[in-house]
Amino acid sequence: MAVRHFLTLLDLSPQELGHVIQRAITLKTRLKEKGPVYTPFANRTLAMIFEKSSTRTRVSFETGMAHFGGHALFLSNRDTQLGRGEPVADTARVLSEMVDIVMIRTFEHTKLTDFAAHSQVPLINALSDDYHPCQLLADMQTWQECRGPMAGKTAVWVGDGNNMCHSWINAARQFDFNLVIACPEGYEPDADIMQAAGDRVRIERDPMKAAEGAHLITTDVWASMGQEEEQAIREAAFKDFQVTEAMLDSADDEVIFLHCLPAHRGEEISDTLLEDDRAVVWQEAGNRLHAQKAMIEFLLLGEVND
């Protein structure tokens with residue numbers, strides 16, 4: 001059987017993604033009721049390669065493997081030959097002989113595709129400059145837990161057309177909802193990714209207008225990792241794109257607000273937005289654990305359990 005990888009949401013069918021989300025909810029419920037007694041991956045190892053720093057990604061993957069009875073290896077650039085110039089393909093071949101599954105958090109998405117092409121074990125994209133599919137699994141789980149099925153609803157992305165935005169575009173395609181992107185000129189998402197989504201996604205320059213009637217609103221920091229030198233320029237470009245309580249007030253009565261975190265209060269969100277009852281970011285962050293566990297299970301077992 002061919003090795004399955006999870007580099008973007010498009011690597012699974014909509015039906016498979018739906019099963020993974022439901023499985024994540026089940027694993028979360030059982031963990032709360034019974035504790036970590038489900039240990040299908042005893043003596044199995046996840047290699048975690050980090051070229052970008054992280055809090056939620058490292059903790060959620062390490063904890064998830066511990067719950068499963070397995071082990072997670074943390075590998076930074078200082079700990080591997082990748083940091084000294086070893087070809088990605090060589091590292092993929094070596095790790096395939098030693099571990100059961102690999103997670104990479106990196107910059108260039110091509111590193112992931114290169115690794116996957118030479119790996120004999122599943123690979124998970126834990127973030128690249130182009131996509132962040134693990135975060136979207138948690139987001140979709142949170143939306144479903146809070147409001148039920150996403151199909152036919154409307155989500156609004158406010159901010160940069162970055163890796164998170166790209167994954168929201170793919171999510172709209174896979175989970176059958178509409179996405180409105182409110183971004184300033186010059187900060188649009190990739191044109192090819194937009195075109196592939198068809199009329200499922202559109203751009204709106206006025207964020208308040210974009211939010212009207214929305215069922216979900218989400219955003220991200222204005223300057224991501226590696227863009228710190230652009231902070232001042234981006235602050236000027238995005239000054240009218242802050243998500244506020246007033247924006248949520250113009251949305252649907254049952255709107256929820258998501259943020260992948262960390263958040264910069266006073267920049268992309270108002271100072272008090274995370275204290276609003278409609279902001280479910282802590283539940284969203286916690287769901288990284290459960291959604292990623294469900295994906296690990298899917299990739300290692302080749303199926304979704306009941």
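Predicted model: local features only at pLDDT ≥ 70, side-chain atom pairs only at ≥ 80, totals over all residues.
Residues are numbered from 1 along each chain as its sequence is written, and side-chain values use heavy atoms, with hydrogens and water left out.

**Stop 1: Lys28 and Glu145**

Select Lys28 and Glu145 and show their side chains. They meet in a salt bridge, 3.2 Å from N to O; the term stands for a side-chain nitrogen of Lys or Arg within 4 Å of a carboxyl oxygen of Asp or Glu. Lys28 sits in helix α1 (residues 14-34) and Glu145 in helix α5 (residues 133-147), so this pair ties together parts that are 117 residues apart in sequence. Helices here are DSSP runs of H or I with at least four residues, strands are runs of E with at least two, and both are numbered from the N terminus. Is Lys28 buried or exposed? At 12% relative accessibility, Lys28 counts as buried, while Glu145 is partly exposed at 28%.

**Stop 2**

Two packed helices are described by the angle between their axes and the distance between the axes. The axes are lines fitted to C-alpha atoms, for helices over the stretch in contact, and the angles run from 0 to 180 degrees between N-to-C directions.

The crossing of α1 and α11 is right-handed, a term used if the near helix is turned clockwise from the far one by less than a right angle; anticlockwise makes it left-handed. To see the contact (heavy atoms within 4.5 Å), pick Glu16, Val20, Arg23, Ala24, Leu27, Lys28 and Leu31 on α1. On the α11 side, the residues include Leu289, His290, Lys293, Met295 and Phe298. Lys28 from the previous stop is on this list too. Colour the contact of α1 with α11 by class and you get nine nonpolar, three polar and five charged residues. Ala, Val, Leu, Ile, Met, Phe, Trp, Tyr, Cys and Pro count as nonpolar, Asp, Glu, Lys and Arg as charged, and the others, Gly among them, as polar.

**Stop 3: α2 against α11**

Stay with α11 and bring up helix α2 (residues 56-67). At what angle do the axes of α2 and α11 cross? Roughly 50 degrees, with the axes coming within 9 Å. The two helices are therefore oblique to each other, and α2 passes α11 in a right-handed crossing. Among the contact residues are Arg56, Phe61 and Met65 of α2, and Arg288, Leu289, Lys293 and Ile296 of α11. The contact of α2 with α11 divides into five nonpolar, six polar and three charged residues.

**Stop 4**

How many salt bridges does the structure hold? There are 17. Arg93 is partly exposed at 44%, and so is Asp90 at 32%. Then select Glu51, Glu108 and Lys111, which are linked in a network of salt bridges.

**Stop 5**

Asp176 pairs with Arg200 in a salt bridge, the closest N and O atoms being 2.6 Å apart. The pair links distant parts of the chain, with Asp176 in the loop between α6 (163-175) and β6 (178-182) and Arg200 in the loop between α7 (191-197) and β7 (201-203).

Now check the backbone. Most residues other than glycine have a negative phi, and most peptide bonds are trans. Asp176 has a positive phi of about 65 degrees. Leu127, in strand β4 (residues 123-127), has a phi near 145 degrees and is buried at 6%. Finish at Leu261 and Pro262, where the peptide bond is cis, with omega near 0 degrees; Pro262 is in the loop between β9 (256-259) and α11.

Terms used: Buried < 20%, exposed > 50% of the residue type's maximum accessible area, 1.4 Å probe, protein only. Parallel < 35°, antiparallel > 145°, perpendicular 65-115°, else oblique.
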